[in-house]
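Colleague: Before I rely on the terms used for this model, I would like to go through them one at a time. Could you set each value against its cut-off and then say what follows?

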Amino acid sequence: MPPFRTGLLKRKIESDGAIKPCGSNTQEGNENSDKDEDLIKGELDNEDDVSDSEHESDEKSDTEQDEVLFDNDVDSLLGDNNSGHSTDESSELTDSENDSDEESSHKTIESDDSGSESVGPMLGSSSDTRDRNKEVDEKKELRKKSMTNQQKSRVSDSIQKLSNEIHSNVTSQPVQQKDEYESGDTSDEEERVNTAGDVPSWWYDEFPHLGYDLDARRIARPQRRDLIDDFLRKCEDPEFWRTVKDPSTGQDVILSKDDLKLIERIRNGNVPSETHDEYEPWTDWFTREVLATPLRAFPEHKRSFLPSRSEQMQVARLVHALKMGWSHTRREIAARRRAARARAFYDLWGSDDAVSRRAAPRHLPAPRRPPPAHAESYNPPPEYLLDRKETKEWEKLRETPWKRKYTFLPTRHSSLREVPAYERFTRERFLRCLDLYLAPRALKMRLTIRADDLVPRLPSPRDLQPFPTAEVLRFAGHEGLVRSVDFDPAGQYALTAGEDGTVRVWEVSSGRCLRTLALGEPAAAARWTPVGGLSLVAAAAGARLLLLNPGADVGAHRVAERTDRLLRDAPPAHDVQMDERTRAAVKWEEVDEASWARGVRLSVRHLGPLAHVAWHARGDYLAATVRDGGARAVLVHQVSRRRSQLPFRTTKGLVQCAVFHPREPRLLVATQRAVRVYDLVKQQLVRKLLTGAQWVSSVAVHPGGDNVLVGSYDRKLVWFDLELSGEPYQTLRLHGGAVRAVAFHPRYPLFASAGDDERIVVSHGMVYQELTQNPLLVPLKQLRGPERREDLCVLDLRFHPTQPWLAAAGADGTVRLYS
C-alpha cells in the first residue's frame, strides 16, 4: 500500500469514525483497493512520503486534514441551487478550522514548553524527572479527550445540516427513457482512440497538437499536469497507484485485477497465462511401432536412386581419412583394444633395437642422384667430346656457367688409372650434404592404379551380336540426293524419296524397284504407315503433304482396295470442323483422276515447304513440320476425319522436327537447342530436355518410350533418360562431322547414327526393366557409308522392323542395306 494511503487510514482510525456516515462507500473502496494493493509491491512501498510523516507527527493536523477532506466531499454533493447553504456551511467549517488552528498552535507552544522542561531534569535527580513526565502525559490525555468530543459534535452537526438540505431540495422525478444513439455517438466512439495513425509521438513534442485526423484537422493535445497536480492527484485519487498513461492517446488507463495479476506473474518469472500447464502429460501423436507394409504400392522412382552429393563428399572424406590413417575401422579399433588388454612380456636378455626402432620416427631415405651419362664416362664416345669451336664457347661462358651444356669438360682417358682427381668433388659433396640437410622430405602415398582400371569395363562386341557388320545390297535409281528411306510394317518392301521428285518402292530381298511414283516436286520425306492393314504412304513434296497408295502390285491387292475405299468417300461435314486460324494454314484438297491413277489419294496444302513428317503409332494421325513456319510450324492431321489442328499458338525457337511418343499421347518438338515434351491430353508442357548442342538436327524415341536420342550438327549424340531428369544422361562424340540422322531398332537393343563423315556408327543400347540399372551404351561397329557429294554423305537411317538390318539414304543417289 502507498504511504499516503497508510497515513489516511491511520488518521481515520484514530478519529473513531468521525466521517463514517459519508465515507462508508469510500471505506469499501479502500478495502478493495487494499486487496488489490497486496497483489503488487513496487518501489512505492519503500519510498517515504514527507507530507505523511509531517502529519503523523502532529495529531491535531491529522484531524484538520480529515475535516477539510470531508467538507470538500460534502460541498461537491451540492448543486448550483444550494449556493446559500453551502456558504453558511463553509463559514462553519472555516470557524472549525480556525479553532483547530488555534488549538494546534497552542499545542505546539505547550510541546515546546514541555521540551524545555524536559531538558532541565537531565541535570537534576531522576525522581523529579519521572514526576514531571507523568504530569505531562496526563495533561495530553485530557486534551485529546476534550478535542475528540468537540470534533464529534461538530461533525455530527455538519452532517445533520447537509442531510436536511439534501432532503429539502431533492425532488423525485419519474425515470425518462432516453435514446442512447440520439446524440450520434456509437459504441465505437465510447473510448477515445488515436486517429493520427502510426506516427511517433516525439515528432510533436514542440507543437500544441498531437497530429492530424483524416480531414487534416489538428488533434488537440490532452491537458498536461505538472508535478503539483500529480502530487495532489496522488493524495486524493485512491486509484492513482495503478493508473498508467497511454502514450498514443494521452489518456489515463486504470489497470484491472487481471492486469495486476499478469504483471505480478511476469515479475515473478512465471508464465503469463494461468491456464497454461507446463507439466501437462505428453501425447504420443506418432506410433513407435514399425509398419510391416509400405506406404506406397508402386516402386521407387528412378531418380531417387541417385547418390546425394553431400553424402558422396562425406564418404570421400571418410575414405581419405582411412587411407591417411587418421580414422580406423571398427575391426581395427577392436584389435587395438584387445592388444591393449593383453599382457605384455619383455625379453630381459634381448637387445633394445626393436624398442628404439619403434620409438624413433620413420626413416625417410634420401633421394638418389641420377646415374652418370655417357659424357661423364672416362672414355666417352667421340660424339660427346667437344671440338675446338665448342671448347671456345664453353670457355667464354665462364662467368655464366649455368648456360653451359655441361658443368664439366668431357675428357677421354685410355684407362681408369689415368683419370685424375675431380677438382669439384669436395664442393659437390658439400652441396649434396646441404641439400640433404635443408631440403624437407615427405612420404608420398603411392597408389598402384593400372590404366585398365580407369577405363570402364564394356562387354565384348562378340557377345552383343547380332548387329549390322557389312553392306549386302545397294538400291540405285534416283537421280540426285535421296532424302528419306523407310520400311513397310512387314519389312518386305522399302520406300525411298529423293530430290528428283519421285517416290520409289523396292523389294528388300532382291533390290528390284517395283513402282515409281512421280510427285512433280522434290520430296523431302516419305513415311509408311505403321498399321499393317493399310497400304498408305505419306510424302512431303514442297508445300503439299500427299497420301499415296503404292497399288496392287505392292503387297496384297485386298489391302490396297480397302485403303482406296477409306480414302475415296469424304467424312460428314459436321466432323470436318476447324477454326479460322487452322483453315488459313491448311487446306485439304481432292485429287483429279490423273493424280488418282498415279497413286495420289489426298493432298494437304500448307503455307510453306514441309521439312519433316511423322506417323502416330496407331496410323490415324500425322505430325507435319513446316520449315520457317513460326507459330504454325507444327500441324497435326487426322486422316479419318480429314481435319487438322494447330497445337501451339507460339513456338519457342526454330522448330526442326516433331515426333509422337510410341506409347503415350505425347508430342516431342525439337527446336534449335532443346526438345520439349508436351502432353496432348492435358495440353501442357511435361518436360524440357536441355541438349547442350548448338543446333539439333534429328530426334528418335526408344520403343520403350523412356529414352530419347538426339543428334546435332555440332557432332554430338545426346542420350536422355526421361525418368531420370531433363539433363543428358550421356553425350557421345562418335563422329567427325555433323550428325544428320539417328534411329532405334524396334526389336533389338541397337541404335545407329550417321552424318557427313562417311561413317555409320552402330551401337548397342540396352535399356533394362529394373529402374536401379542405368542403360548400357557400347559402340559396336563403324560402317563405311555412301560417297560424299557436296559435303553430304548420309541423310537418313532406318532399321528393318524384324531383322538386324540397316538402310542408309546417301547423297550419291543410292540406298545401301547393311546386314
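**Terms and values**

Modeller: Let me start with Leu397, which sits in the loop between helix H12 (388-396) and helix H13 (425-438), where helices (H or I, at least four residues) and strands (E, at least two) are DSSP runs numbered from the N terminus. This is a predicted model, in which local features need pLDDT of at least 70 and side-chain atom pairs count only at pLDDT 80 or more, while totals for chains, interfaces and linings use all residues. Residues are numbered from 1 along each chain as its sequence is written, and side-chain values use heavy atoms, with hydrogens and water left out.

Colleague: What makes Leu397 partly exposed?

Modeller: Buried means under 20% relative accessible area, exposed means over 50%, and partly exposed is in between (1.4 Å probe, protein chains only). Leu397 has a relative accessible area of 27%, and therefore counts as partly exposed. Not counting residues up to four places away in sequence, Leu397 touches Lys403 and Arg404, a contact being heavy atoms within 4.5 Å.

Colleague: Which fraction of the protein chain counts as buried, and how many helices and strands are there?

Modeller: Of the 819 residues, 32% count as buried, and the chain has 17 helices and 33 strands. Among contacts with a separation of 6 or more, 52% are between residues 24 or more positions apart.

Colleague: Why is the pair Arg605 and Glu589 called a salt bridge?

Modeller: The term requires a side-chain nitrogen of Lys or Arg within 4 Å of a carboxyl oxygen of Asp or Glu. The closest N and O atoms of Arg605 and Glu589 are 3.1 Å apart, and the pair forms a salt bridge. Arg605 lies in strand E14 and Glu589 in strand E13, so the pair ties together parts that are 16 residues apart in sequence. Arg605 itself, at 35% relative accessibility, counts as partly exposed. Elsewhere, salt bridges that share partners join Glu471, Arg474, Asp812 and Arg816 into one network, and a search of the whole structure finds 24 salt bridges.

Colleague: What makes a group of residues a nonpolar core, and which members of the largest one touch the most other members?

Modeller: A nonpolar core is a set of buried Ala, Val, Leu, Ile, Met, Phe, Trp, Tyr and Cys residues joined through side-chain atoms within 4.5 Å. The largest has 21 residues, of which Ala538, Leu545, Leu547 and Leu622 touch the most other members. Among the elements giving two or more residues to this core are strand E11 (537-541), strand E12 (544-548) and strand E16 (621-626). A second, separate core of 19 residues includes Leu464, Ile760, Leu783 and Tyr818.

Colleague: Why is Arg462 called exposed?

Modeller: Its relative accessibility is 71%, and therefore Arg462 counts as exposed. Arg462 is in the loop between helix H14 (451-454) and strand E5 (471-476). Although Arg462 and Leu780 are 318 residues apart in sequence, their C-alpha atoms are 9.1 Å apart in space. The loop between H14 and E5 also holds Pro466, and the peptide bond from Gln465 to Pro466 is cis, with omega near 10°.

Colleague: What is the phi of Asp628, and is Asp628 buried or exposed?

Modeller: Asp628 has a positive phi of about 55° although it is not a glycine. With a relative accessible area of 63%, Asp628 is exposed, and its place is the loop between E16 and strand E17 (634-638).
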